[in-house]
Every structure is written in structure tokens, then in C-alpha cells.
Amino acid sequence: LEDQYSPSRWSRRLDRDTIIDAHFEVTAAGTERARASAQTSLHVPYGSGDGEKLDIYFPTNPSETFPVLVYIHGGYWQCLSKDDSGFAAPPLVSQGVAVVAVGYDIAPKGHMDAMVLQVRRSLVFLTEQYPRIRSIYLCGHSAGAHLAAMVLATDWTEFQVVPNIKGAVLVSGVYDLEPILHTYVNDALNMSREVAQRNSPMRNVTPAVPAACEVLVAVAQHDSPEFRRQSQEYSQALRAAGWSVSLLDLAGVDHFDIIEKLSEDSYILTQV
């Protein structure tokens, strides 16, 4: 399990020590370029906590109302931040789509229940504060795909607001946290089995409502067999519950460049 849940061991491009550093560099540099070129509102608080902030990249030529892509970063719930998460903005803002990078309290400060709640609250905030947002599309990578999938399992009645979520792009995610309990990843998270089960999208699939959002589950050729299995089983579980879901198996990419390439206009995931 340690091996299966260490994405850096499965890349064909770089060795496991350099690939994570390279990923941090690529996402940070891409975010810097995005901030330099787009109209932004940075560090917008959606709550009172230190980590509860958003970066908003506005469309170049916004129409009266516009769609927004809400990006939830990965980092195994314990590294990265919204400050490295704007790299996907340039191709999208040029097409009239706003991009929002969500900050949340990573471990060990943040625990799993709190992170899930923060991401849900960020969407409530966007819905209430930005009436020009026409529709919301979620995009999460790795741990961020897990958090995005937990958003799909939300009972919005307790929030008194229902965000208009039209789509979700879940990239190289973890949808059942049970195996994580037995790996180094849980050292910082300190999840109990109960917490892991409560926060596993695989165990919390809700029946699809009419006109529910479309879900795209994307996985890399060079993701580990466990990551690939999780993507397949979660997409099957959604389909069985009546969701509109497709599984995209991307050739020639690994756990890291599958998302890094979102900065490129011509990349298949950017186009989709």
C-alpha cells in the first residue's frame, strides 16, 4: 500500500525525489504567469480561518453572467496551497470562464472533516457573493479530487444555499480513504476508521437528481494500479446511482503532468 499510494514512484519521466519538487516548481511558475496576465482578486476570505481564502481569476471579456471553474488543489491534504493553483487559469479566462483557486487548512492543522466543510462553504460563499456566476464546474486533483467528490455528496439543506454545480472534473483522485489509513499518508492526517469512512466519496454516493451535474473522472496511464482502480470503481458507483459520468484514461501522462498540462490550450483535458 505504501508503494501504491506513493504517486511519485510511478512516473516514467523523473525519479521519485525530483518529480515532486518539479511539480511544485511548474505549478508555482504557472500561477505566477496567470497572476501577471489576468485580472484577479487574491486572498478573498470566505470564512474567518487563516486558510479560508480564495484566489479569483476573472474572464478576459466577461459576459453578463459567466461560468466558473473552481480548482481544488492536491498535495495529499498536507502540502501545496491556492498560491500554486492558478496555473490552469490562462486558457480558461481567455474563453470567458472565471477560475477560482480554493484555499483550505491542510494537515496537521486541518483535519479531514474540517477540510471537506471548508470546500463546501467556499462554494456557498461564491454563490452568495458573486451573483454573476452562472454555473460552477469543480476541478480537483489527487486529494483535491477527493474533496471535489465530497462536494458532490453534500446535503445542501443545512447551508440554505444550493450552488449551481454543472460539472466536476476529478483528476487522479482517491475516493476510498480506507487504504490510506495503513500508509504514511495518515501520519499527518491522523484519521480514525470512522473519519475515513465518513469522508470517502465511494461510501457516500447519493442518487443523482434530475439535471444533475456531469462528472468526468480522469486518470493517468502512469498512475499506480490502486489510483486507477479507485477511479474506475468510483465512476462505476456514480453510474450505478444514475449520474452522468465518463471515465477518461489519459495516455502518456503521470500523476503530476496530467494536471500540469491544464495550462496548455491544446491539452485534451483543457479542451474538455
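The paragraphs below treat the nonpolar cores and then the salt bridges.

This is a predicted model. Its largest nonpolar core comprises 60 residues, and the members that touch the most others are Trp77, Leu138 and Leu170. Leu138 illustrates how such a residue draws on several parts of the sequence. Leaving aside residues up to four places away in sequence, Leu138 touches Val70, Leu123, Ala148, Val151, Leu152, Ile165, Gly167, Ala168 and Val169.

The charged side chains come next. Side chains of opposite charge can pair when their charged atoms come close.

In one of them, Arg13 pairs with Asp254, and their closest N and O atoms are 2.7 Å apart. Arg13 belongs to the segment before α1 (16-37), while Asp254 belongs to strand β8 (residues 244-254); the pair therefore ties together parts that are 241 residues apart in sequence. The two partners may also be described by their accessibility. Arg13 has a relative accessibility of 42% and so counts as partly exposed, whereas Asp254, at 2%, counts as buried.

Another salt bridge joins Asp55 to Lys82, with 2.9 Å between the closest N and O atoms. This pair, too, links distant parts of the chain. Asp55 lies in strand β2 (residues 53-58) and Lys82 in the loop between β3 (66-72) and α2 (89-93), with the two 27 residues apart.

Arg229 forms a salt bridge with Glu226, and the closest N and O atoms are 2.7 Å apart. Both residues lie in helix α7 (residues 225-240), where they are three residues apart, about one turn of the helix. Arg229 has a relative accessibility of 27% and therefore counts as partly exposed, while Glu226 is buried, with a relative accessible area of 15%.

Conventions: Residues are numbered from 1 along each chain as its sequence is written. This is a predicted model: local features need pLDDT of at least 70, side-chain atom pairs count only at pLDDT 80 or more; totals for chains, interfaces and linings use all residues. Side-chain values use heavy atoms; hydrogens and water are left out. A nonpolar core is a set of buried Ala, Val, Leu, Ile, Met, Phe, Trp, Tyr and Cys residues joined through side-chain atoms within 4.5 Å. Buried means under 20% relative accessible area, exposed over 50%, partly exposed in between (1.4 Å probe, protein chains only). Contact means heavy atoms within 4.5 Å. A salt bridge is a side-chain nitrogen of Lys or Arg within 4 Å of a carboxyl oxygen of Asp or Glu. Helices (H or I, at least four residues) and strands (E, at least two) are DSSP runs, numbered from the N terminus.
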